[in-house]
Amino acid sequence: MVPPRPVAFSDAGLLHYGEVRSENGAIRSGGRGACQKCALPGAWKRYTPMSVADALQYHETGYASWYGGKARRLKTSSGEYINPQRSMTAAHKTLPMPCKVKVTCLETGKSTVVRINNRGPFHSNRLIDLTTAAASRIGLHRRGVSRVRLEVISVGDGPHEVSAR
């Protein structure tokens with residue numbers, strides 16, 4: 001019998017089911033009996049949140065997907081509750097939380113600004129997971145997965161917010 005894995009807390013908030021933070025700060029997911037969202041059983045992935053200085057210089061092109069569906073209330077890794085049909089938020093593996101990012105869909109040319117407040121996506125070829133509202137804004141909702149460009153606008157909230165440029 002496999003003992004149940006606890007849900008771990010970190011400085012970044014609630015980690016995804018099956019994740020643990022190692023002594024060096026890396027986030028590990030997977031392992032024996034891991035949830036299929038994270039990794040195949042026996043596989044380990046390590047995610048280390050990037051520094052604020054690195055995040056302010058961050059820009060990347062890759063694939064985006066969306067999550068939330070018809071759900072009205074979801075708890076994010078940062079501990080806050082969102083309505084994915086209205087919240088302009090997203091999940092990223094390593095950007096610091098909270099962080100504002102401009103997401104441009106390369107197929108439609110539309111862009112929007114989202115707030116990173118969740119961890120994911122747990123697919124190896126995905127860069128970011130958008131909520132239903134954010135995906136609809138850039139035309140990703142009907143496609144499911146699309147190529148996007150990410151540019152960090154700022155890191156932090158309120159009086160602690162630091163702009164990228």
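## Salt-bridge network and nonpolar core

Glu80, Arg115 and Asp157 are joined in a network of salt bridges. The model is predicted. In total, the structure contains five salt bridges. The protein has two helices and 14 strands.

**Salt bridge in the network**

- Within this group, the side chains of Asp157 and Arg115 form a salt bridge at 2.9 Å, N to O.
- Asp157 sits in the loop between β13 and β14, and Arg115 sits in strand β11, so the pair ties together parts 42 residues apart in sequence.
- Asp157 is partly exposed, at 32% relative accessibility.
- Arg115 is also partly exposed, at 22% relative accessibility.

**Other salt bridges**

- Lys100 and Glu161 meet through their side chains in a salt bridge of 3.5 Å, N to O.
- This pair links distant parts of the chain: Lys100 belongs to strand β10, Glu161 to the loop between β13 and β14 (162-163), and they are 61 residues apart.
- Lys100 has a relative accessible area of 30% and is partly exposed.
- Glu161 has a relative accessible area of 32% and is partly exposed.
- A salt bridge of 3.2 Å, N to O, joins the side chains of Arg143 and Glu107.
- Here two loops are linked: Arg143 is in the one between α2 and β13, Glu107 in the one between β10 and β11, 36 residues apart.
- Arg143 counts as partly exposed at 42% relative accessibility.
- Glu107 counts as partly exposed at 47% relative accessibility.

**Nonpolar core**

- The largest nonpolar core has 26 residues.
- Those touching the most other members are Leu95, Val101, Val103, Ile116, Ile128, Leu130 and Leu150.
- At least two core residues come from each of α1 (52-56), β10 (99-105), β11 (111-118), β12 (126-131), α2 (132-138) and β13 (145-155).
- In soluble globular proteins, nonpolar side chains tend to be buried together.
- Val101 shows the local packing: beyond its neighbours within four places in sequence, Val101 contacts Leu95, Thr112, Val113, Val114, Ile116, Leu150, Glu151, Val152 and Ile153.

**Whole-protein figures**

- The protein has 165 residues, and 45% of them are buried.
- Among contacts between residues at least 6 apart in sequence, 60% join residues at least 24 apart.
- The accessible surface is about 9000 Å².
- Carbon and sulfur atoms account for 52% of that surface.

How values were computed: Residues numbered from 1 in each chain as written. Predicted model: local features only at pLDDT ≥ 70, side-chain atom pairs only at ≥ 80, totals over all residues. Heavy atoms only, no water. Core = buried A, V, L, I, M, F, W, Y, C linked by side-chain atoms within 4.5 Å. Buried < 20%, exposed > 50% of the residue type's maximum accessible area, 1.4 Å probe, protein only. Helix = DSSP H or I, 4+ residues; strand = E, 2+ residues; numbered from the N terminus. Contact = heavy atoms within 4.5 Å. Areas by Shrake-Rupley, 256 points an atom, 1.4 Å probe, with all protein chains shown as cover. Salt bridge = Lys/Arg side-chain N within 4 Å of Asp/Glu carboxyl O.
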